[in-house]
Amino acid sequence: MRINSAVQAAIDLTAGAAGGTACVVTGQPFDTAKVKMQTFPSMYKGLVDCFVKIYKQVGFRGFYKGTTPALVANIAENSVLFMCYGFCQQIVRRIVGVDRKTKLSDLQNAAAGSFASAFATLVLCPTELVKCRLQAMHEMQLSGKIIQGHNTVWSVVKGVIQKDGPLGFYRGLSSTLLREVPGYFCFFGGYELSRTFFASGRSKDELGPIPLLLSGGFGGSCLWIAVYPVDCVKSRIQVLSMAGKQTGFMRTFVTVVRTEGVLALYSGLTPTMIRAFVANGALFLAYEYSRKLMMKQIEDSY
C-alpha cells in the first residue's frame, strides 16, 4: 500500500522529533562539556576535570545548561532532517533514474542525507547559538570577556536581538553548513553501512534494537570524526561573538592554529565521541521504532 506523500512527510517529521528528544536526554551532559572545552580549552585538563569543575561551580544542573534550546534545536533539526531525507531520497532516485519504490544503495542514502542537512541547518543554527552561549556563560564571565552573563534562554535571545538584530542568530551559519553537509554524508553513510553489515542479506527493517543502537552510534561517530575541527571553530564564533565582533570561519580557524596549535581544534573530543555513540544510537532507535509504529497504525486504518 502506498502512503500519501504528505502523510509520509508528517510521519518522518514526528519520528525525527522523537529521535531528537532521545538524543538530547542521553547526550546533554557530554555536549555541555564539549562546548566548554572547545571554547576555553586552557581551563580544563580533560573530561573528568571538566565534569568535576562543572559540579563544583554550578551543581548537577550545570550539566543540563542549555537543555531547553538543545531540545528545540534537536527536535527542529531532526524533524526537518528526516522529513527532507525522505524527499531527498526521491530526488536521488530521479537523478539516478530508478523507480520511486527502489531501495537506494548505502552511498545514495548518504548523498540524500547530505542534501537534507542543508535544510536542517537553517533551523539548527539559531537554536544552537543560544545553547552554546548558555553552556559557556560561566567561562565568559570568569575570563572577563563579559561583565554580566545571561542565565535564561530569554535573556540570551533578547541580548542577541538587541546587539545584532534577527540576523545575529545566524552567527556561525557558514561553519554550521561546513559541518552539516559533509558530516551528514558520513552520518547516514555510516548508519546505512552498519545496518547492511548487521542485516547480512536480510531486510534492514528486520533488525532489532541492539543492531540499531550500534548502527546509530557508528553513524554518529563517523560524523564527529570527520567534522570535529569545523565544529570547534563554530562553537568559538557563536560563543565569543557575545564579547564583540567575532571574525569569520577562516580567520578564526587560522587564529586558533597559530596561537594554540592544531590540537586545540580537538579540545573536547572525548566527551563528543562518548556522546556521539550513545546519543545517536538513541536517536536512530527512537526514530526507527516510532516510524514503524506510525506506519503500522496508518496501514491498519486503511
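**Cavities and pocket**

Modeller: Domain 1 (1-41 + 271-301) and domain 2 (66-171) both give residues to the lining of the largest cavity, so this cavity lies between them; the domain bounds come from an automatic or database domain assignment. The model is predicted, so local features need pLDDT of at least 70 and side-chain atom pairs count only at pLDDT 80 or more, while totals for chains, interfaces and linings use all residues. Residues are numbered from 1 along each chain as its sequence is written, and side-chain values use heavy atoms, with hydrogens and water left out.

Biologist: How many cavities of 30 Å³ or more are there?

Modeller: On a 1 Å grid over the protein atoms alone, a cavity is a set of points where a 1.4 Å probe fits but cannot get out, a pocket is an open set with protein on both sides within 12 Å along at least five of seven lines, and lining residues have an atom within 4 Å of a point. Grid points are joined across faces, edges and corners, and a volume is the space filled by probe spheres set on the points. By this rule the count is 2 cavities.

Biologist: Which helix gives the largest share of the lining of the largest cavity?

Modeller: The largest cavity holds about 280 Å³ of space. Of its 22 lining residues, Asn74, Glu77, Tyr184, Trp224 and Arg275 are the closest to the centre. Helices here are DSSP runs (H or I, at least four residues), numbered from the N terminus, and α1, α3, α4, α7, α8 (209-240) and α10 each supply at least two lining residues. The largest share, 5 residues, comes from α1.

Biologist: How many charged residues are in the lining of the second largest cavity?

Modeller: About 30 Å³ of space lies in this cavity, and its lining consists of Arg195, Lys204, Asp205, Leu207, Leu212, Glu288 and Lys292. Ala, Val, Leu, Ile, Met, Phe, Trp, Tyr, Cys and Pro count as nonpolar, Asp, Glu, Lys and Arg as charged, and the others, Gly among them, as polar. The lining therefore has 2 nonpolar residues, no polar ones, and a charged count of 5.

Biologist: Which helix gives the most to the lining of the largest pocket?

Modeller: The largest pocket has a volume of about 1,400 Å³. Among its 41 lining residues, the closest to the centre are Gln8, Gln89, Arg93, Lys103 and Arg291. With 10 residues, the helix that gives the most is α3.
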